[in-house]
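Here are a few quick notes to go with the model. Have it open while you read.

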Amino acid sequence: MANAQVNTIRLKLCKVAAIVIHNTRRIRFLLPSHYPYQGLFETALNNLNST
């Protein structure tokens, strides 16, 4: 993904059929079990959380 274009990243990570649960302390993403980029999505979220 280091050389990927913005459109590719948007298609793989942002266009996801997920359930978003928001409460007072956290936001949870419930991804479908067959989502092929689940590991990549989790890595991206972890990188965002570490900054």
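Where does Ile19 lie? Ile19 is in strand β1, which covers residues 19-22.

1. Ground rules. Keep in mind that this is a predicted model, so cut-offs on pLDDT apply: local features need at least 70, and side-chain atom pairs count only at 80 or more.

2. Overall layout. You'll find two helices and two strands in the chain, and reading from the N terminus the order is α-β-β-α. The C-alpha trace spans about 35 × 30 × 15 Å along its principal axes.

3. Of the 51 residues in the chain, 10% are buried. Looking at contacts with a separation of 6 or more, 20% are between residues 24 or more positions apart.

4. The nonpolar patch. Ile19, Ile21 and Leu30 make a nonpolar surface patch of about 240 Å². Ile19 counts as exposed because its relative accessibility is 52%, and the cut-off for that class is over 50%. Ile21 is another strand β1 residue; its relative accessibility is 35%, so Ile21 counts as partly exposed.

5. Around Ile21. Leaving out residues up to four places away in sequence, Ile21 touches Arg26, Ile27, Arg28 and Leu30. As for Glu42, it sits 21 residues from Ile21 in sequence, and the C-alpha to C-alpha distance between them is 16 Å.

How values were computed:
Residues numbered from 1 in each chain as written. Heavy atoms only, no water. Helix = DSSP H or I, 4+ residues; strand = E, 2+ residues; numbered from the N terminus. Buried < 20%, exposed > 50% of the residue type's maximum accessible area, 1.4 Å probe, protein only. Contact = heavy atoms within 4.5 Å. Patch = residues over 30% accessible without salt bridge, like charges linked within 9 Å, V, L, I, M, F, W, Y side chains within 5 Å. Areas by Shrake-Rupley, 256 points an atom, 1.4 Å probe, with all protein chains shown as cover. Salt bridge = Lys/Arg side-chain N within 4 Å of Asp/Glu carboxyl O.
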